[in-house]
Amino acid sequence: MSALSWGICSAGKISHDFTVALKTLPAEDHQVVAVAARNLEDAEEFSRKHNISKAYGGYEELARDPDIGQCPSVRGFSYIGEVKMVRADFGVPLLNVPRSVQKELGGGALLDLGIYCLQFINMVYNGEKPESIQASGICLETGVDETVAVNLKYSENRLATFTCSAGVQLHNDAIIGGTKGTIQVPSPMWCPTSLVVNGKETQYPVPEPYLRLNFTNSTGMRYEAEEVRQCLLKGLKESPVMSHSDSLLLIELEDEIHRQVGVVHSQDCQ
């Protein structure tokens with residue numbers, strides 16, 4: 001298989017970091033060939049910064065590009081026995097960031113931050129749907145959630161809990177509790193470079209970037225890119241690591257949490 005040709009959807013901060021992460025992988029395996037943004041000038045600036053040959057002022061143009069192979073749109077516990085409890089927290093003061101507080105921009109703590117906690121829990125419990133969800137939260141005048149606390153109950157008396165907040169700083173770590181021990185995921189739990197298993201820490205460093213990153217440890221997104229390539233090599237249309245059913249379950253859980261907290265989007269009635 002020749003190099004996988006990537007098209008970057010949007011010229012934002014995460015797209016920047018993802019492109020930097022891609023370039024930590026072998027050039028014969030991954031090539032960024034185009035970028036698209038709502039504004040052509042933004043796409044052109046992004047393309048100059050990352051030495052990308054094509055820039056589009058719309059996403060449909062990117063989707064029609066015949067040279068694009070993939071668009072990213074920019075996301076065993078034997079040592080601890082049977083898992084009984086999972087906890088995760090993600091809180092960062094973001095009330096001064098428009099995209100975090102405006103409903104029309106997809107704002108709110110759950111969509112922006114809580115999804116990382118929810119996906120972590122879903123990964124630990126292997127994509128199982130919880131039996132019940134209890135959520136409470138505080139909403140802003142804009143109609144989005146500022147802080148949300150969620151308890152989830154799974155089969156066989158297993159629990160999970162997470163808190164996300166766009167208003168306050170939290171510890172931003174995670175714990176997996178089992179009948180024989182614990183796994184601690186230190187901050188930042190959404191992109192960690194170490195794990196502490198029963199008190200013993202192991203480091204998992206990520207490659208150094210060639211450009212300054214917007215977010216912590218973003219070169220770790222190289223693993224997502226390589227997973228896409230491996231799936232294509234095997235003729236797979238979805239990743240067994242993060243399946244379509246996993247994505248649909250996360251959306252379903254977010255919708256239920258929003259319902260309980262009182263966040264309503266115009267799309268909910270469509």
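## Annotated domain

An unreviewed UniProt entry carries the annotation "domain: GFO/IDH/MocA-like oxidoreductase" for residues 80-183. The model described here is predicted.

An open sheet of eight strands runs in the order β5-β6-β7-β4-β8-β9-β10-β11, with mixed pairing. The edges are held by β5 (132-139) and β11 (200-203); each has a single partner strand, so one side of each lacks a neighbour in the sheet. From one strand to the next, the twist averages 10°.

Strands of a sheet pair through backbone hydrogen bonds, in either a parallel or an antiparallel sense. Strand β4 (residues 83-91) is antiparallel to β8 (residues 174-178), and five bridges join the two. In this pairing, A88 is opposite A174 of β8.

## Helices on the sheet

Helix α5 (residues 109-124) lies across β4, β6 (145-154), β7 (158-165), β8 and β9 (182-185). The angle between α5 and β7 is about 160°. Helix α7 (residues 244-261) also packs on the sheet, where it touches β5, β6 and β7. The direction of α7 makes about 55° with that of β5.

## Residue H258

H258 is part of helix α7. Its relative accessibility is 6%, and because the cut-off for buried is under 20%, H258 counts as buried. Leaving aside residues up to four places away in sequence, H258 touches L110, L111, D145, V263 and H265.

Notes: Residues are numbered from 1 along each chain as its sequence is written. This is a predicted model: local features need pLDDT of at least 70, side-chain atom pairs count only at pLDDT 80 or more; totals for chains, interfaces and linings use all residues. Side-chain values use heavy atoms; hydrogens and water are left out. UniProt positions are given in the numbering used here, feature names are shortened, and annotations may be inferred rather than shown by experiment. Two strands pair if DSSP finds at least two bridges between them. Helices (H or I, at least four residues) and strands (E, at least two) are DSSP runs, numbered from the N terminus. Axes are lines fitted to C-alpha atoms, for helices over the stretch in contact, and angles run from 0 to 180 degrees between N-to-C directions. Contact means heavy atoms within 4.5 Å. Buried means under 20% relative accessible area, exposed over 50%, partly exposed in between (1.4 Å probe, protein chains only).
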